[in-house]
Amino acid sequence: MQTIDTKQLEKILYHVEKPGRYVGGEHNQILKDWDAIRTHVCLVFPDIYDIGQPNLGLAILYDILNRQPDIMAERAFTPWHDLEAQLREHQIPLFSLETKHPLAQFDIIGLSLPYESLYTNALNVLDLAGIPLLASERTNNDPLIIAGGQACFNPEPMADFIDAFVVGEGEEVTLELIRAFEELKQSGSDRKGLLQGLSRIPGVYVPSLYSVHYAQDGTIISILPSDPSVPAIVTKRIVSKLPPHPTRLVVPNVETVHDRLSIEIMRGCTRGCRFCHAGVVNRPVRERTVEEILQVIEDGLAATGYEDVGLLSLSSSDHTQILELTRLVYEKFHDRKVFVSLPSLRIASFSVELMDELRDLRPGGGFTLAPEAASPRLQAIINKPLDNEVFEETVRTVFEHGWLTLKLYYMIGLPGETMEDVQAILDAGKRVLAIGRQLRGNRVKVHLSVGNFIPKPHTPFQWYPLNSTDELQTKLDMLKEGTRRTGLKLSYNIPDSTLLEAWLSRGDRRLGQVILRAWQLGAKFDAWGENENQPIWRQAFAEIGLDPDFYAYRERALDETLPWDHIHTGVTKVFLLRDLEWSKQGKTRKDCREQCFACGILDSFGKLRPVSPLVYWGCP
Amino acid sequence: MTDQPLRIRMTYAKLGNLRFVGHLDLQRLFERALRRTNLPLRYTQGFNPHLRINLASALPLGFIGEAEQMDFWLDQEVSLDEVSNRLRASLPVELVLQELQVIDNQQPSLQGSLLSSEYEILLPADLDIQTLQEKVDKLLALDALPVQRRKKTVDLKNLILQMEFFKSEPQSLLKVAMKSTPEENGRPDELLELLGLDPADCQVTRTKLNFSEE
């Protein structure tokens, strides 16, 4: 098979910014002999290299697939505007970094879709590769386009463009999918037969095999498979135990956003915050043992030469052996001239102790806490209760233990929020600043970082509407006014910037036409800047004849068929409804390691639960 | 830690895809490659210790380097064979280790003693050689070759130490030596532009770095 004209590419690279993004050649990249390999997979993260390459999901699949001697997995990213213009001008198709083969020559393209603002970039990538955008227009000669990632728990808006989605954790199902693909190809299946075959793999969703029926008012009547062999409900995949962590990570040659050795120490979270999409879709909790994590750090540092280690999870203080882990990390690595960061810590003095254990291994900078809501009433609504004494004690400990900057994350636009709740954010900020100044003087900085809440699919809040732009603006104005001349630093997103994410995350299959039209009108890199693309999106909605407010601002009926109802996260709708009810009553739930609330995970996946006590699932 | 660290000078080639990796990125790349060797590397003192390395000269993006140089320091004696084996295993394939030498700690830095660089420029195949020869001759005959660099004008003539044109099929070769001091740094891409050539169409290789004898 032919690679692109690399001589021509080299000339072009003289005229683009940061050309090192486009050439591969990094330490630990895997080069295989194209002609000696049976199945060629290109893993595409549809953002620029600088953002996509550090993604751990990409690294995990790159590692798993390339361990197979008869599969090669290469990488591609979205080119920045300058290279895109050159590629289009010289009619060079988008190519893989490793062997510089055009994407269209791969058997399978695996798209990472962790967030919705990448959708237009995904179309752009397919277009730059010369692959038909619509799944319905692809033939046997085109690559199979699969997609996975956290955004794919509502696959519907991208249904027109993706041949098959992988729902849930990709470690096992991706390989099953590729093997099934090989068999079906070998048996001479046509595209339809191939897709039907793939749809029988648990966790694989083939959208073209389902039809959606809409009522007059635009809501969904039903989402049904077109033939009985296709599952009516697609349940996400999980791994019963976290597979070995990759350590031979590709070390980027150019600077990237998270230029470090990222290690997932735990997956899932037992806290049950009601706004949190990740908290629902990543259940149950699975931990790595301290021994394993220490070995991964050791091997990872040896294989990469990194100077920074990030120990990642949704709630690191909840790892059952976290204190021992931080102690041993210090003991083992304190003379290695590395920094170890431990983000996502719970609000408790214990979290400060954990950071203290790391001593000089911890990177400079501030301490971050995420109360999300400031008033006890709203904290109960979102199920993130925070005792004020505990909060102030934690804050005091942070300042006493040497930090001078404290960053506090809050959200506005939460269900049931009033202006008093917004005022409570200001009051909390001022109290924290006063505590800090009393302890450490005027060098103390307190930073309020305020995000706009989006009701996400599969959460107990999925039925709520998004706050209107006016509501959000009023709340922001109060925060801006209230932080003036207080010494508090405020950062926020302009209200409109949340809309695109709201439309796309809460949308149905009809949004495919809007995404396509927006891309045709020039939308791409939608996460960049302050939503400059919004007029384009509004125009696309208007031309297609859909109302964006229908998706963002409509309160959904509890008995409505939601666009993602046929995608099962393991957590049942019955549980979500009950949790919504509890929220309205201001009732909180304990950490579900202490008491099972029957969310459904054990019903769906209990059989996978390892009997060995060595592997921890949070469920009691 | 000894007070007399072992100073090692590495000569290396920067080839292929790595031509498109800039100077700051290359420095970081070397730091990580050195850390992967697990050698007893010398770090700078202070609150935020950094690996002590010193690259002779930034190579412009897109140029091949055949004999680039860098110094790094070890806290303990290690045989050069051992250093060489570990480095070969940890460098990306397109950074090729060519030579290692132990250097006296008293010697001046690479950056401080670099005088000039030699380049070989492979010219595009479709050039009219006669016209180019005339252009080269004309350039060499001029008293001054002013080029614009940001807001100041630089006389390229002062920076060119030697220039020779070799006619050959299918591609002719231009060999040029230029000053490479912090104050006066010649850039072959500027020379190519004066000749009416797009540097992207030429393949520039830095073949040698010349240092002051001390």
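Helices (H or I, at least four residues) and strands (E, at least two) are DSSP runs, numbered from the N terminus.

The model is a predicted one, in which local features need pLDDT of at least 70 and side-chain atom pairs count only at pLDDT 80 or more, while totals for chains, interfaces and linings use all residues. Residues are numbered from 1 along each chain as its sequence is written, and chains are lettered from A and ligands numbered from 1 in the order in which they are written.

Two strands are taken as paired if DSSP finds at least two bridges between them. Strand β16 (residues 405-412) of chain A is joined to strand β17 (residues 445-452) of chain A by eight bridges, and the two run parallel. Within this pair, Tyr410(A) has Val450(A) in β17(A) as its bridge partner.

Chain A as a whole contains 21 helices and 19 strands. Its C-alpha atoms fill a box of roughly 70 × 65 × 55 Å along the principal axes. Of the 620 residues of chain A, 50% count as buried, that is, with 20 or more other C-beta atoms within 10 Å of their own, C-beta atoms being placed from the backbone (exposed: 12 or fewer; partly exposed: in between). Among contacts in chain A between residues at least 6 apart in sequence, 77% join residues at least 24 apart, a contact being a pair whose C-beta atoms, placed from the backbone, lie within 7 Å.

The domain bounds come from an automatic or database domain assignment. Chain A is divided into domain 1 (6-235) and domain 2 (260-364 + 590-620), whose C-alpha centres lie 30 Å apart. Six residues from each of these two domains of chain A take part in their contact.

Chain B is assigned domain 1 (6-105) and domain 2 (114-211), with 28 Å between their C-alpha centres. Their contact takes ten residues from domain 1 of chain B and eleven from domain 2 of chain B. In strand β1 (residues 6-14) of chain B lies Leu6(B), which counts as buried because it has 20 C-beta neighbours inside 10 Å. Leu6(B) touches Trp73(B), Leu74(B), Glu77(B) and Val102(B), not counting residues up to four places away in sequence. Leu6(B) and Asn105(B) are 99 residues apart in sequence, yet 7.7 Å apart in space, C-alpha to C-alpha.

Finally, the contact between the chains takes 20 residues from chain A and 22 residues from chain B. On the side of chain A, α1 (6-13) and α9 (290-304) are the elements that give two or more residues.
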